[in-house]
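Please keep the structure in view while reading.

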Amino acid sequence: MTAAEIAAAVAAGALSAEEAVTEALSKLEARSDLRAVITLCTEHAPARARAGVRGRLAGVPLVVKDLIDTAGVRTTYASSIYAEHVPKRSAPAVAALEAEGAIVVAKSNADEFAWGVTGQNVHFGDVVNPRRPDRITGGSSAGNAAALAASLVPLALGTDTGGSVRMPAGACGVVGLKPRLGAVSTEGVFPLARSFDTVGPMARAAADCALAHSVLTGVPVPAPRMRGLRVGVLSGPPDVTGAAGKIVSDPRAAGIAERLRALGTDVREVVLPSPEANTWPLFLGDAAEAHSATFPARRDEYGPAIRAKLDAAWRVTPAERQAARAALEAWRARARAEPAVDVIASPTLGVSELPPVGVDELDVRIEFSAYTRPWSLLGWPAIALGELQLAGRDPDVVIAAALALEREGALPFRPRRT
């Protein structure tokens, strides 16, 4: 059942919230081999269900990424440093979903402190991709994607700073929605890079993501719409390092354009303008600031991958960070009009084949996130429909296009392989 179907059944009395929660908990416990969750809410969730819930998400089992605070439920930030941390208050994003009846059943596994693209975690184990166990799940909201792909829960809440709900959605064949920057509160969320952090829903259906986005933002769900929109297909992954003009053509673009034209869509291949200087130092500077209380003081308690990243982050100078911010603002201003389309389509992942289990994250992270990073930097909303990503300036337009593709049976949408 989808999240919307569960809520409708609970509202009609055909299903109790406790039954929905108990089933989800049983499934999660039975598939512990996926290492999708860090903490199961075996007492908290049934008690909340028995107390009675109502709303657009009444009785819907919800998995929350363990980067996000949940009152009275252990929240580790996917780290050993906070292994016994129990927040007193829930993040506003969690509270908003709970206010509409959702019930937190588990805290999901992720890359340590959400800084990773593979779903690997040296403290809690690597998350297993239920659809391709020999390949990575993508990260950092890996546990969410695995739980959804295995049909253990209908809805999850993740974070996305450079693609962290979209990359695992692409790798596991589910849906991940990154809202527009600032649309959803990030209070009560351990920061990765405050300039780019977002909180967004994940589900098996675009309609469920749209519903959760509506709850999180207070904006109504738009009607499905694809026809009449100007759709640009990226000819290759944008370069965000300031190397203007160095766009590598991606053979998958032609396949995406062909499929969209078959649906009666006005499609053209486009190139996203590049920033005039490297924007990466702003991300790194934000990350160093976020960990200033524990790094380098507790450096040995971090995993090797994130240690290497934080070592580099600490070398960023204030001048480099300031120059990166200036380049970013200039790039954002230019991208308000370029390219002149309503929606931009691309593959979700920068690779045509998923990396194998055990890959060194530091070797694949830049290429893997090549299509998701630009929208995080620009602050645009973007949604991964499995292997297809849609992005744009207006969240209503992006979500409407995703809903139209889902309604017309165009999903799953798999870009042509190289």
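The model is a predicted one. In the largest cavity, the lining residues divide into eight nonpolar, six polar and four charged, and the space held there is about 170 Å³.

**Cavities**
- The largest cavity is lined by 18 residues, and those nearest its centre are Trp115, Val117, Trp280, Phe283 and Ser369.
- Helix 9 and helix 12 (361–368) are the elements that give two or more residues to this lining, with helix 12 giving the most, namely three.
- The second largest cavity has a volume of about 40 Å³, and its lining consists of Thr161, Gly162, Trp280, Phe283, Arg373, Ser376 and Leu377.
- Helix 13 gives the most to the lining of the second largest cavity, with three residues.

**Largest pocket**
- The largest pocket, with a volume of about 420 Å³, is lined by 26 residues, of which Gly170, Gly173, Gly386, Glu387 and Arg414 lie nearest its centre.
- Its lining comprises 12 nonpolar, five polar and nine charged residues, and helix 6 (residues 166–172) gives the most, with three residues.

**Helix 9 and helix 11**
- The axes of helix 9 (residues 280–290) and helix 11 (residues 318–335) come within 7 Å and cross at roughly 130°, which means that helix 9 is oblique to helix 11.
- Residues making this contact include Pro281 and Leu282 of helix 9 and Glu320 and Arg321 of helix 11.

Definitions and conventions
Residues are numbered from 1 along each chain as its sequence is written. This is a predicted model: local features need pLDDT of at least 70, side-chain atom pairs count only at pLDDT 80 or more; totals for chains, interfaces and linings use all residues. Side-chain values use heavy atoms; hydrogens and water are left out. Axes are lines fitted to C-alpha atoms, for helices over the stretch in contact, and angles run from 0 to 180 degrees between N-to-C directions. Helices (H or I, at least four residues) and strands (E, at least two) are DSSP runs, numbered from the N terminus. Angles under 35 degrees count as roughly parallel, over 145 as roughly antiparallel, 65 to 115 as roughly perpendicular and the rest as oblique. Contact means heavy atoms within 4.5 Å. On a 1 Å grid over the protein atoms alone, a cavity is a set of points where a 1.4 Å probe fits but cannot get out, and a pocket is an open set with protein on both sides within 12 Å along at least five of seven lines; lining residues have an atom within 4 Å of a point. Grid points are joined across faces, edges and corners, and a volume is the space filled by probe spheres set on the points. Ala, Val, Leu, Ile, Met, Phe, Trp, Tyr, Cys and Pro count as nonpolar, Asp, Glu, Lys and Arg as charged, and the others, Gly among them, as polar.
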